[in-house]
Amino acid sequence: MKPLVLIPARGGSKGLPAKNIKILNGKPLIHYTIEAARQVFSDNEICVTTEDFEIKNIVEKTGLKVPFIRPLELATDIATTQDVILHAIKYYNQIDYFPDIIILLQPTSPFRRAQHIREAISLYDQEIDMVVSVKKTHSNPYFNLFEESKEGFLEKSKKGNFNRRQNCPIVYELNGAIYVINPKVVKSKLISRFKKVKKYVMDDESSLDIDTAFDWKIAETLIQNINS
């Protein structure tokens with residue numbers, strides 16, 4: 001296996017400014033993901049991709065070198081994760097490293113552990129497009145999710161005759177923690193059009209993805225409970 005582990009960390013964040021380097025229980029948020037990655041991979045297989053020099057400096061205080069600064073056009077609200085992946089692959093190909101598996105770890109998932117990463121990778125093979133981490137959703141389109149009709153009335157998002165949520169089909173939502181991606185497929189097909197996708201299920205606590213100030217408060221509470 002020739003892995004490339006990508007940790008995408010842009011400086012701009014509207015929901016929670018500078019969240020990737022915000023201090024959580026004494027250390028920058030991104031350090032949690034770096035620590036988990038280092039338990040599975042060597043430093044030369046891990047790439048923090050960022051356009052922000054402050055993030056670069058904070059990352060390199062851990063001893064992990066940031067190999068390049070991402071172009072600013074790949075750090076806007078309209079830049080896609082796929083754009084960031086392809087840019088990193090191109091860089092590593094130019095230095096004669098040709099990964100056969102991409103592991104993308106978002107720095108906003110501080111409770112994702114090394115064991116989660118190993119288990120997700122164990123589900124991957126080169127015949128599929130991606131393994132993605134998920135959690136069971138508490139909002140079910142068969143039961144308590146609705147869309148508005150043309151007449152202005154609420155209708156269940158997915159038709160079904162279910163009187164109890166427990167009887168509905170299980171529905172999963174992406175938690176943003178782990179993406180194990182086939183590099184050949186990501187070069188030729190949009191991620192949103194991947195068909196051969198396997199799930200890796202995580203629990204609610206490990207799945208916390210920090211995007212807002214409210215998420216941050218939850219993370220602080222979880223950290224306190226873990227350390228108490």
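**Close-ups of rings, charges and a helix**

**View 1. Lysines over tyrosine rings.** In this predicted model, Lys27 holds its charged end over the ring of Tyr32, 4.4 Å from the centre. A charge counts as over a ring if NZ of Lys or CZ of Arg is within 6 Å of the ring centre and within 35 degrees of the ring normal. Lys2 lies over the face of Tyr97, 5.1 Å from the ring centre. Numbering starts from 1 along each chain as its sequence is written, and side-chain values use heavy atoms, with hydrogens and water left out. As the model is predicted, local features need pLDDT of at least 70 and side-chain atom pairs count only at pLDDT 80 or more, while totals for chains, interfaces and linings use all residues.

**View 2. The aromatic cluster.** Ring pairs tie Phe68, Tyr91, Tyr92 and Tyr97 into a cluster. Rings of Phe, Tyr and Trp (its six-membered ring) pair if their centres lie within 6.5 Å; planes under 30 degrees apart are stacked, over 60 edge-to-face, the rest tilted. That rule gives four aromatic pairs. Tyr91 and Tyr92 have ring centres 5.1 Å apart and planes at 85°, so they go edge-to-face. Tyr92 and Tyr97 are edge-to-face too, with centres 6.1 Å apart and planes at 70°. Tyr92 and Tyr97 are both buried (under 20% relative accessible area; exposed is over 50%, partly exposed in between; 1.4 Å probe, protein chains only). Tyr91, at 24%, is partly exposed.

**View 3. The start of helix 2.** Asp52 caps the N-terminal end of helix 2, with a side-chain oxygen 2.9 Å from the backbone nitrogen of Glu54.

How values were computed
A polar contact is a pair of N or O atoms within 3.5 Å; within protein, one must be able to donate a hydrogen and the other to accept it, and residues adjacent in sequence count only if both atoms are side-chain atoms. Helices (H or I, at least four residues) and strands (E, at least two) are DSSP runs, numbered from the N terminus.
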